[in-house]
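I opened my notebook today to look up a few things in one protein chain. Come along and keep the picture beside you as you read.

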Amino acid sequence: MHPPAPGPLGDCLRDWEELQQDFQSIQETHRLYRVKLEELTKLQNSCTSSIARQKKQLQELALVLKKCKPSLQWGAKEAAQELENQIKERQGLFFDMEAYLPKKNGLYLSLVLGNVNVTLLSKQAKFAYKDEYEKFKLYLTIILILISFTCRFLLNSRVTDAAFNFLLVWYYCTLTIRESILINNGSRIKGWWVFHHYVSTFLSGVMLTWPDGLMYQKFRNQFLSFSMYQSFVQFLQYYYQSGCLYRLRALGERHTMDLTVEGFQSWMWRGLTFLLPFLFFGHFWQLFNALTLFNLARDPECKEWQVLMCGFPFLLLFLGNFFTTLRVVHQKFHSQRRGSKKE
């Protein structure tokens, strides 16, 4: 043993000894972490394969049950129906289990991110990501209201319009990626409310490439006014839906990973029906935009392909939004009518 060096060097050597001891503790902790990580991976693989096997067996059982059900007696039919309900309940439990297990990315996520595992393993991480997604939508909606107002009333420049459309493309692309990650983590987002973001991405991309000219100027103010109104309605939806979801989650009536959407779903029936006139007005404005663009496309001076390529997405958005919302309203009226008859 060398005698301790005097002065600053001795202090440095003592600090180094303490760091060495701490480093050995860190090494041991990291070794234990690696062991646990390998155990976790084995458990994940075992659980995933077991769930896949039982899901396949449940599908086969449900198919056999469906075939033999018509020939059963009344008492046996009730037992078969009870078994069907239990199978559906089991499938729902598997959905919740799989939200905590790694899974292969869908086609879209694979194209964008590759084969990266995006499954978050804790409830806190899932909820934090969902909460951050909701805040992202809120902040961008406010920004879009301000920029569309500026472009509509203060600035008439193709450059600022292009910046606005580029922001829309980036916003909708980001939403589709984040929603795909949330679906991988157990969010139950309905099909159309995901797909319409892909349509909106395409529409915004076409608007971005539309050159300045007579046709563009004829449609410009109408489009910016519509964008302003749409962002305002989305802000209203986020504000009221988030409060409604919080209340329903506290009552145990909604899943913790349920999200706000740019539309109307069955859980919004209590307390949010006042939003329906705003939504239907926006849907018919989409139809009006489509008809305006189809009329512009018939103009002899129209040479831009973007006119028709914007008209079709607006028409598709109207059809999807309007009939999806109408179906939800019809289902709720129908279920309420059946409930009142039973009483």
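**Entry 1: the whole chain**

I began with contacts (heavy atoms within 4.5 Å): among those with a separation of 6 or more, 75% are between residues 24 or more positions apart. I noted that this is a predicted model, where local features need pLDDT of at least 70, side-chain atom pairs count only at pLDDT 80 or more, and totals for chains, interfaces and linings use all residues. Residues are numbered from 1 along each chain as its sequence is written, and side-chain values use heavy atoms, with hydrogens and water left out.

How many helices and strands are in the chain? I found 9 helices and 0 strands. Here helices (H or I, at least four residues) and strands (E, at least two) are DSSP runs, numbered from the N terminus.

Next I looked up burial. Of the 343 residues in the chain, 37% are buried; buried means under 20% relative accessible area, exposed over 50%, and partly exposed in between (1.4 Å probe, protein chains only). The accessible surface of the chain is about 21000 Å², with 64% of it belonging to carbon and sulfur atoms. Such areas come from the Shrake-Rupley method with a 1.4 Å probe, and for residues only the protein chains shown count as cover.

**Entry 2: salt bridges**

I searched the whole structure and got 6 salt bridges. The term means a side-chain nitrogen of Lys or Arg within 4 Å of a carboxyl oxygen of Asp or Glu.

One of them joins Arg31 and Glu28, at 2.7 Å from N to O. Both residues lie in helix α1 (residues 7-68), 3 residues apart, which is about one turn of the helix. Arg31 is partly exposed at 43%, and Glu28 is partly exposed at 42%.

Asp161 and Arg220 meet in another, at 2.6 Å from N to O. This pair links distant parts of the chain, 59 residues apart: Asp161 is in helix α5 (residues 158-184) and Arg220 in helix α7 (residues 214-250). Are they buried or exposed? Asp161 is buried, with a relative accessible area of 1%, and Arg220 is buried too, with 3%.

I also found Lys218 bridged to Asp299, with the closest N and O atoms 3.5 Å apart. Lys218 sits in helix α7 and Asp299 in the loop between α8 (276-297) and α9 (306-342), so the pair ties together parts 81 residues apart in sequence.

**Entry 3: nonpolar cores**

I looked for nonpolar cores, sets of buried Ala, Val, Leu, Ile, Met, Phe, Trp, Tyr and Cys residues joined through side-chain atoms within 4.5 Å. The largest has 44 residues, and Met207, Trp210, Phe219, Phe223, Leu293 and Phe314 touch the most other members. Which helix gives the most to this core? It is α7, with 8 residues.

Leaving out residues up to four places away in sequence, Leu293 touches Trp210, Phe219, Val307, Cys310, Gly311 and Phe314. Another core, of 7 residues, lies apart from the largest one and includes Leu58 and Phe94.

**Entry 4: a record to compare**

In the model, residues 136-156 are 90% helix and 0% strand, with end C-alpha atoms 28 Å apart. Residues 162-181 are 100% helix and 0% strand, and their end C-alpha atoms lie 29 Å apart.
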